[in-house]
Amino acid sequence: MTRVGVIVEGSGEVPAFKCLLPKIQTPFELLEQPLRADMQPKATPTQVAASAKAAVSYFIRRNVDLIIILIDNEDHQNPPKFAALLNAAFSNRYPNLIFEVVVKNTCIENWLIADIDAIKAQPKRFRLTDAVIRQISPNKSDHVDAQSLLSKIAIKFDYEKGNDPTRITRLQDPIRVASNSRSFRRFLRVLEVPLYKNQSKTPAAIP
């Protein structure tokens, strides 16, 4: 069975993905503890690959077959090209490993806000309006300023990058996230989740 490790870029993303990864129904053996590397999306691809050295080395010791790199798009105009350049840089630096780079469009917050039910389930923390829902659904969460929207609907205090991702991901369903985020569907496709094994362009019908 293919063993898979995941490397993320933000410290708040580690506990968030630790909540989310076990929910993903993949035929692979997905290590549920992601690792953080100080990957800067605006650095050169070579610099990004170098910054992940410690995390890559750890996964080598864990005998993984595939390493997935999750990185923000920031302001890159062509996310697929950005992913391809990074994939080449990682493969060149660590030639005996297989990598897949998944670009979060635009950042983890776009994946957080994609699951409307997970936000609704926290009425003491978020006040989700119909107007905000229409910005996210159907299939539009990759195209909004998700951090601003989360702060807009937050109650008492603005969105917190440290704590809110975990608050949300513990209630998320990966398939619901995928219904509104193409970049998240790409992540599921890399993991060969059955609904998205063959394509990630459009949302699949939820069984």
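Reader: Which residues lie nearest the centre of the second largest pocket?
Author: In this predicted model, 16 residues line the second largest pocket (a pocket is an open set of 1 Å grid points where a 1.4 Å probe fits, with protein on both sides within 12 Å along at least five of seven lines; lining means an atom within 4 Å of a point). Nearest its centre lie G10, E13, D72, I108 and K161.

Reader: How many charged residues (Asp, Glu, Lys, Arg) does the lining of the second largest pocket have?
Author: The volume of this pocket is about 220 Å³. Its lining has 4 nonpolar and 5 polar residues, and the charged ones number 7.

Reader: Which element gives the largest share of the lining of the largest pocket?
Author: This pocket holds about 480 Å³ of space, and P79, P80, R182, S183 and R186 are nearest its centre among 20 lining residues. At least two residues each come from α4 (79-93), β5 (98-104) and α11 (182-190) (DSSP runs: helices H or I, at least four residues; strands E, at least two). The largest share, 5 residues, belongs to α11.

Terms used. Residues numbered from 1 in each chain as written. Predicted model: local features only at pLDDT ≥ 70, side-chain atom pairs only at ≥ 80, totals over all residues. Heavy atoms only, no water. Points joined across faces, edges and corners; volume = space filled by probe spheres on them. Nonpolar A, V, L, I, M, F, W, Y, C, P; charged D, E, K, R; others polar.
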